[in-house]
Amino acid sequence: MEGAEEELERRSKFLSSLIQKKKANEQQEQHEHLNVRVRASDMSVALQNRAFRCARDNLDAMAGKLDSKRLALALKKEFDSSYGPAWHCIVGTSFGSYVTHSLGGFLYFSIDKVYVLLFKTAVEPMDH
């Protein structure tokens, strides 16, 4: 009986690895379609995809010239309204940064030749 249990466990692990590979391939295809490259992330795939789609839609709506402030504002508003305050967004073709972020709330990616840093910080009530 132990041999059968081991075989089931082995097959289960194999199937899980196939599913993970398929998901990774699908995500890579979507990234290529949107021309996105993740540079660093501590964010769920669902939130990442939301950021990529928002960035892509806003970039496509800009008539050829990047408006980095407008893109940063659009991403900030999207995430503030959907996931609560306090989201911050930096957009540009060249910048340095060092930030502290809330767990699960950090994404640094490039789309076309634009770099986007999107992160969330905790909001503390002020004592008077």
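Leu75 touches Ala51, Cys54, Ala55, Cys89, Val116 and Leu118, with residues up to four places away in sequence left out of the count, where contact means heavy atoms within 4.5 Å. The model is predicted, so that local features need pLDDT of at least 70 and side-chain atom pairs count only at pLDDT 80 or more, while totals for chains, interfaces and linings use all residues. Residues are numbered from 1 along each chain as its sequence is written, and side-chain values use heavy atoms, with hydrogens and water left out.

**Nonpolar core**

Leu75 is also among the residues with the most contacts inside the largest nonpolar core, which has 23 residues, the others being Leu71, Phe109, Ile111, Val116 and Leu118. A nonpolar core is here a set of buried Ala, Val, Leu, Ile, Met, Phe, Trp, Tyr and Cys residues joined through side-chain atoms within 4.5 Å. Two or more residues of this core come from each of helix H2 (45-61), H3, strand E2 (87-92), strand E3 (106-111) and strand E4 (114-120), and H2 gives the most, with six residues. Helices (H or I, at least four residues) and strands (E, at least two) are DSSP runs, numbered from the N terminus. In soluble globular proteins, nonpolar side chains tend to be buried together.

Ala72 lies in helix H3 (residues 68-83) and counts as buried because its relative accessibility is 13%; buried means under 20% relative accessible area, exposed over 50%, and partly exposed in between (1.4 Å probe, protein chains only). Leaving aside neighbours within four places in sequence, Ala72 is in contact with Cys89 and Val91, and its C-alpha atom is separated by 8.0 Å from that of Val116, 44 residues apart along the chain.

**Strands**

Strand E3 is largely enclosed by the rest of the structure, because five of its six residues are buried. E3 pairs with strand E1 (residues 36-42) in the antiparallel sense over six bridges, with Ala40 opposite Tyr108 in E3; two strands pair if DSSP finds at least two bridges between them. E3 and E4 also run antiparallel and are joined by six bridges, and Ser110 stands opposite Tyr115 in E4. These two strands, E3 and E4, form a hairpin with two residues between them, and Asp112 in the turn has a positive phi of about 55°.

**Salt bridges**

A search of the whole structure finds seven salt bridges, each being a side-chain nitrogen of Lys or Arg within 4 Å of a carboxyl oxygen of Asp or Glu. Three of them are tabulated here.

| Pair | N to O distance | Placement |
|---|---|---|
| Arg10 and Glu7 | 2.6 Å | helix H1, three residues apart |
| Glu7 and Arg11 | 2.8 Å | helix H1, four residues apart |
| Arg56 and Asp112 | 2.7 Å | helix H2 and the loop between E3 and E4, 56 residues apart |

The pair of Arg56 and Asp112 links distant parts of the chain; Arg56 is buried, with a relative accessible area of 11%, whereas Asp112 counts as partly exposed at 38% relative accessibility. Salt bridges that share partners join Glu7, Arg10 and Arg11 into one network.
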